[in-house]
Amino acid sequence: MKIKVVNRGHQPLPAYATEQSAGMDLRANISEPIVLRPLQRQLIPTGIYIALPEGYEAQVRPRSGLALKKGITVLNAPGTIDADYRGEVGVVLINLSQEDFVVNDGERIAQMVVARCEKADFIEVETLDDTERGDGGYGHTGVR
């Protein structure tokens, strides 16, 4: 799939780290380092603008290494970029650690997964069909 990208930043375009990677790395495109204090959140610019084909979305997800090693994650994970959005791709990072974290220019801060999404039409009915699970939720199936 080909996706049109405008790069108004100074970082390379998002790219897959390996042949079988699901997500492309997104990089911070900033003029000076940003310090995220514990529990602070901030929108980090990437400098890129994309035009997804109709029927697709891009999901912005945390990088597992940043989450495990530094306590840095994407606050609205996964963040959704709709096919008709034409603004700059930004990443809402939050620092869940007890220490300051410095975001540097060019740092890989998130990953972006492009996925097909289906449109749904809701049809109002009076009842739903019965299933084995029924209305059990939030831990209903137990812990093993």
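The largest nonpolar core of this predicted model has 25 residues, and those with the most contacts inside it are L93 and V103. A nonpolar core is here a set of buried Ala, Val, Leu, Ile, Met, Phe, Trp, Tyr and Cys residues joined through side-chain atoms within 4.5 Å, where buried means under 20% relative accessible area, exposed means over 50%, and partly exposed is in between, with a 1.4 Å probe and protein chains only. At least two residues of this core come from each of β3 (24-27), β4 (34-36), β5 (41-51), β6 (56-61), β7 (72-74), β9 (88-95), β10 (101-103) and β11 (108-116). These strands are DSSP runs (E, at least two residues), numbered from the N terminus, and helices would be runs of H or I with at least four residues. In soluble globular proteins, nonpolar side chains tend to be buried together.

Because the model is predicted, local features need pLDDT of at least 70 and side-chain atom pairs count only at pLDDT 80 or more, whereas totals for chains, interfaces and linings use all residues. Residues are numbered from 1 along each chain as its sequence is written, and side-chain values use heavy atoms, with hydrogens and water left out.

Leaving aside neighbours within four places in sequence, L93 is in contact (heavy atoms within 4.5 Å) with L36, Q40, R41, Q42, I44, I72, T73, V74, V103 and I109.

**The two sheets**

Strands of a sheet pair through backbone hydrogen bonds, either parallel or antiparallel. Two strands count as paired if DSSP finds at least two bridges between them.

An open sheet of 5 strands has the order β2-β3-β11-β6-β8, and its pairing is antiparallel. Because β2 and β8 stand at the edges, each with a single partner strand, one side of each is left without a neighbour in the sheet.

| Strand pair | Bridges |
|---|---|
| β2 (residues 15-16) and β3 | 2 bridges |
| β3 and β11 | 4 bridges |
| β1 and β5 | 4 bridges |
| β6 and β8 | 3 bridges |

**The cavity**

The structure holds 1 cavity of 30 Å³ or more, and the largest cavity has a volume of about 50 Å³. On a 1 Å grid over the protein atoms alone, a cavity is a set of points where a 1.4 Å probe fits but cannot get out, and lining residues have an atom within 4 Å of a point; grid points are joined across faces, edges and corners, and the volume is the space filled by probe spheres set on the points. The lining consists of Q11, P12, P14, D25, L26, R27, T46 and I48. Its largest share, 3 residues, comes from β3, and both β3 and β5 supply at least two residues.

**Loops and the end of the chain**

In the loop between β3 and β4 lies N29, which is buried, with a relative accessible area of 14%. Not counting residues up to four places away in sequence, N29 touches G9, H10, Q11, P45, T46, G47 and D105.

L39, in the loop between β4 and β5, counts as exposed at 60% relative accessibility, and L39 has a positive phi of about 65° although it is not a glycine. In the loop between β7 and β8 lies P78, and the peptide bond from A77 to P78 is cis, with omega near -10°.

G87 is placed in the loop between β8 (79-81) and β9. Although G87 and I50 are 37 residues apart in sequence, their C-alpha atoms are 7.9 Å apart in space.

Finally, C117 lies in the segment after β11 and is partly exposed, with a relative accessible area of 33%. Not counting residues up to four places away in sequence, C117 touches G55, Y56 and E57, whereas the C-alpha atoms of C117 and I94, 23 residues apart along the chain, are separated by 27 Å.

Notes: 1 Å grid on protein atoms, 1.4 Å probe; cavity = no way out; pocket = protein on both sides within 12 Å on 5 of 7 lines; lining within 4 Å.
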